[in-house]
Amino acid sequence: MSVTAAQGFEASGVAVALKSTGRPDVAVVVNRGPLKVGAAVFTSNRAKANPILWSQQAVADGVVEAIVLNSGGANCFTGSFGFQTTHQTAERAGELLGVSAGDVLVCSTGLIGSGDEVFRAKVLEGVERGVAALAPDGGDDAAAAIMTTDTVPKTAVHVGDGWTIGGMAKGAGMLAPGLATMLVVITTDAVLDAAQADAALRTATRVTFDRLDSDGCMSTNDQVTLLASGASGVTPDLDGFTAALSEVCADLARQLQGDAEGASHDITIEVVHAASESDAVEVGRSVARNNLFKAAVFGNDPNWGRVLAAIGTTDAQFDPYDVDVWMNGVRVCTAGGPDRPRDDVDLTPRATHVVIDLRTGDATATILTNDLTHDYVHENSAYSS
C-alpha cells in the first residue's frame with residue numbers, strides 16, 4: 001500500500017509518455033486528513049532543480065496538501081521556463097484539488113537539462129489524469145510511476161500503536177549523501193505538528209539516507225517528504241514515532257542500496273570505537289568512496305590494505321597503526337598489520353560486512369555502499385543522467 005497505508009491519503013500513478021517505455025511516469029499523493037502537515041529535506045547540492053527551488057519555498061510554512069512527482073525528466077538547468085513549468089504544475093494540481101498552489105510540492109527525476117514545452121504539456125496532462133485516478137489504494141501505482149533506472153518499486157510500512165507510517169522511494173544511481181538521487185514520500189496518520197514532523201524527519205534521514213553513499217555522486221533533485229494527516233486521531237510518543245520513522249527510512253535506504261546500478265555486492269561499512277560520530281562517518285565514507293576498495297570487492301578480493309589506505313586520508317582521530325579490520329566476520333588486520341589469511345574470507349555473497357575498529361573512543365556509524373562493476377560503468381555510459 002506504500003503511501004496509502006496510512007489513513008487519510010490517496011495516490012495514483014499514470015503514464016503520459018514522459019518515459020519512452022510507456023510505463024507510468026507521473027504520481028500524485030494527496031492528504032485528505034484533518035491535518036495538512038508537511039516537512040521535507042532536500043539535496044545539499046548547490047545545483048538544484050526547479051522543483052527543489054519551488055518545494056523549498058512551498059514547505060516553509062509546514063502546510064502541504066499534495067505532492068506531484070514525475071519521472072522521465074529532471075527539469076533541472078532548464079532556466080526560468082522550467083521554473084514556470086513547476087509553478088504551473090502546482091497551480092494545475094491546486095485548481096483540480098481545490099487547494100492553494102503554494103501547498104503543493106513538486107518533484108522531478110530523470111535527464112538533467114530536459115524540460116521543454118513537450119515535457120511541460122505531458123506533466124500537466126499527468127497532473128489532470130493523476131488527480132482523476134486518485135484512490136485510497138493507489139500507493140503501489142504511485143511507487144511504480146516514480147521509477148527511473150530502478151528495477152523494482154521500493155515501499156515500506158510500519159504499524160504503530162493506533163497509527164501507521166507508509167513510504168515509497170526511487171533511486172538506483174547517483175547515490176551519495178545529501179540524500180542520494182532519490183525521491184521519497186513518507187506518510188503518516190499520526191497527529192503531529194509541523195515542528196515535530198520536521199524534527200523527526202531530520203533525525204531519521206541523518207542516520208539513514210544521509211549514510212547511503214553508493215557512488216559518491218550527488219543529485220540535483222533529491223527530496224524526502226513527510227506528510228501527516230492526523231486521521232488516526234492518535235498522538236504518538238515523539239521518540240517512539242521518530243524511531244519508527246527511522247526504521248522506515250532505513251528499510252527504504254537498504255532497498256535503494258540493493259537496487260544500485262550494476263552492483264553485485266551490497267557493502268555495509270561499520271566503524272566502531274571512534275572518537276566521535278563525525279569521525280566514524282568520515283572514516284566510513286572514505287572507504288565507501290574508494291574506487292580501489294570497491295573494485296577489489298567486485299573481484300571478491302579482501303584487500304584490507306585498501307581500507308587502511310582510504311581511512312588514512314581522513315582527518316579523523318585514530319592511530320593508523322592500531323586499527324583492526326574485519327571482512328565478513330574474519331579479522332584480516334589487527335593493530336595495523338596482517339591477521340587471518342585472506343583466503344579465510346568469503347566475499348562471494350552479495351552481502352558484504354566490513355568492520356573498522358579505530359580503538360580510540362565509543363562512537364560508531366554505519367555507511368552503506370556498493371562495489372564498482374563493469375555493469376555500473378556500462379549503464380552510466382549508455383544512459384544519460
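The following dialogue examines the predicted model shown above and the criteria behind its description.

Visitor: How do you know whether the radius of gyration of the chain agrees with that of a compact globule?

Guide: The radius is taken over C-alpha atoms, and the globule rule is 2.2 Å times the number of residues to the power 0.38. For 385 residues a compact globule would have a radius near 21 Å; the chain has 21 Å, and therefore the two agree. Along its principal axes the C-alpha trace spans about 65 × 50 × 30 Å.

Visitor: How many helices and strands does the chain have, and what makes a run count as one?

Guide: Helices are DSSP runs of H or I with at least four residues, and strands are runs of E with at least two, both numbered from the N terminus. By that criterion the chain comes to 10 helices and 15 strands.

Visitor: Why is phenylalanine 77 called exposed?

Guide: Buried means under 20% relative accessible area, exposed over 50%, and partly exposed in between, with a 1.4 Å probe and protein chains only. Phenylalanine 77 has 60% relative accessibility and therefore counts as exposed. This residue is found in the loop between β4 (66–70) and α2 (79–97), and has a positive phi of about 60 degrees although it is not a glycine.

Visitor: And what does alanine 17 count as?

Guide: Alanine 17 has 44% relative accessibility, so it counts as partly exposed. It lies in the loop between β1 (9–14) and β2, and its phi is positive, about 70 degrees, although it is not a glycine.

Visitor: What makes a set of residues a nonpolar core, and which members touch the most others in the largest one?

Guide: A nonpolar core is a set of buried Ala, Val, Leu, Ile, Met, Phe, Trp, Tyr and Cys residues joined through side-chain atoms within 4.5 Å. The largest has 47 residues, of which Val29, Ile67, Val68, Leu69, Met168, Val185 and Leu227 touch the most other members. Strand β2 (residues 26–31) gives the most to this core, with five residues. Apart from it lies another core, of 32 residues, among them Ile269, Val332, Leu358 and Ala365.

Visitor: Which residues are in contact with valine 68?

Guide: Contact means heavy atoms within 4.5 Å. With neighbours within four places in sequence left aside, the contacts of valine 68 include Val26, Val28, Thr89, Val104, Val106 and Val127.

Visitor: What makes β3 and β6 edge strands?

Guide: Two strands pair if DSSP finds at least two bridges between them. The open sheet of five strands has the order β3-β9-β8-β7-β6, with mixed pairing; β3 (37–42) and β6 (154–159) each pair on one side only and are its edge strands.

Visitor: How do you know that β3 pairs with β9?

Guide: Six bridges join β3 to strand β9 (residues 223–228), against a requirement of at least two; the two strands run antiparallel. Glycine 38 has leucine 227 in β9 as its bridge partner. Helix α5 (residues 194–206) lies across β3 and β9, at about 30 degrees to β3, where axes are lines fitted to C-alpha atoms, for helices over the stretch in contact, and angles run from 0 to 180 degrees between N-to-C directions.

Conventions: Residues are numbered from 1 along each chain as its sequence is written. This is a predicted model: local features need pLDDT of at least 70, side-chain atom pairs count only at pLDDT 80 or more; totals for chains, interfaces and linings use all residues. Side-chain values use heavy atoms; hydrogens and water are left out.
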